[in-house]
Amino acid sequence: MLTEIRAGPYTVRGISVGGVYTSLQVPELGVVLDAGIPLRSFAGTDHLFLSHGHADHAAALGALLGIRVLIGKPRPPKVYFPAEIEAPLAEALAGLGRLHHTDMRIDAVPLRPGETWPLGHDVWVRAFRTHHRVPSLAYQFLRRVPKLRPEYHGLPAQEVARLRRAGEDLFEESERLELAYVTDTLAHVLDTAPALLESRVLILECTFVDGRRTVLDAQERSHVHLDEIVARAERFQCEALVLMHFSQSHSPEEVQARVRERMPAALGARVIVFAPERGRWFG
Ligand SMILES: [Zn+2]
Ligand SMILES: [Zn+2]
């Protein structure tokens, strides 16, 4: 069963188990985040983001492209990834194409940290450098919307409409930071890219949740420990903090309990654990 949660105005569905597989879909933005497992209902999505090339995030890309052909999608998807992996990704897909005799074309969008790219309508994506053992990116989805310039604030609506008709330049463009996806990184990313903390919804990895793996263990593996999130609790401004990519060494129930116990109340009310309530991990 896929996990599905509601975070602010967004739905996040999919599967995430650290080191095993992670693939999430946010239908309201029309995006899939990572392809560690080929989920049938994700194959038709036109914008796919790879955080990095590790197998638990990227190994199912070929299978997902195969399903896309099967369901009759006429165009290849746009696949966004760290620019450094452009050549190995192209080689891997070419090899899979020869192996499967299937169309493995993608519309490749290599991105570098700091780049912003339009997805269509008013949605854009911005890439941030994360800190992992291989080239990796976090993605922040934003909306660019017109906002009344400060000098016109407080004017009656009729006056605004009159000025607009008269051709006055009343609006400036503003960015609404909607949702960020941050995985496989040192928690240090929250210091190097603090703008991620301003996202309305923040999806963040939390691979280890108790003392069986210490903060130091997590840092050695370039991952985030729950203790590091708790230590920064006051810095999270988001409406919803979605924690995922838990290690399979914790059961879903343990994860739910540890996060509930450890999170300070002010942040705890906004935290959503992306894991089954009980039972076992998917698969
Ligand atoms: Zn991972
Ligand atoms: Zn990784």
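**Exercise 1.** In what order do the seven strands of the open sheet that includes β12 follow one another, and is the pairing mixed?*Solution.* Before reading anything off, note that this is a predicted model, in which local features need pLDDT of at least 70 and side-chain atom pairs count only at pLDDT 80 or more, while totals for chains, interfaces and linings use all residues. Residues are numbered from 1 along each chain as its sequence is written, and chains are lettered from A and ligands numbered from 1 in the order in which they are written. The order is β8-β9-β10-β11-β12-β13-β14, and the pairing is mixed; strands are DSSP runs of E with at least two residues, helices are runs of H or I with at least four, and both are numbered from the N terminus. Two strands pair if DSSP finds at least two bridges between them. The edges are held by β8 (116–120) and β14 (271–273), each of which has a single partner strand, so one side of each is left without a neighbour in the sheet. On average, neighbouring strands of this sheet are turned by 30° against each other, direction ignored, where the axes are lines fitted to C-alpha atoms (for helices, over the stretch in contact) and angles run from 0 to 180 degrees between N-to-C directions.

**Exercise 2.** Is Leu 204 buried or exposed?

*Solution.* First locate the residue: Leu 204 lies in strand β12 (residues 201–205). A residue is buried if 20 or more other C-beta atoms, placed from the backbone, lie within 10 Å of its own, exposed if 12 or fewer do, and partly exposed in between. Leu 204 counts as buried because it has 27 C-beta neighbours inside 10 Å. Then list its contacts, meaning residues whose C-beta atoms, placed from the backbone, lie within 7 Å: leaving aside neighbours within four places in sequence, Leu 204 is in contact with Val 182, Val 224, Leu 241 and Leu 243.

**Exercise 3.** Which residues touch the most other members of the largest nonpolar core?

*Solution.* Such a core is a set of buried Ala, Val, Leu, Ile, Met, Phe, Trp, Tyr and Cys residues joined through C-beta atoms within 7 Å. Of its 75 residues, Ala 138, Leu 202, Ile 203, Val 242 and Leu 243 touch the most other members. For Ile 203, the contacts beyond four places in sequence are Val 12, Ala 180, Tyr 181, Val 182, Val 242 and Met 244.

**Exercise 4.** Describe the other open sheet and its edges.

*Solution.* This sheet of seven strands has the order β1-β2-β3-β4-β5-β6-β7, with mixed pairing. At its edges stand β1 (3–7) and β7 (107–111), each with a single partner strand, so one side of each is left without a neighbour in the sheet. Inside the sheet, β3 (residues 21–26) and β4 (residues 31–33) pair in the antiparallel sense over three bridges, and Leu 24 has Leu 33 as its bridge partner.

Terms used: Two residues are in contact if their C-beta atoms, placed from the backbone, lie within 7 Å.
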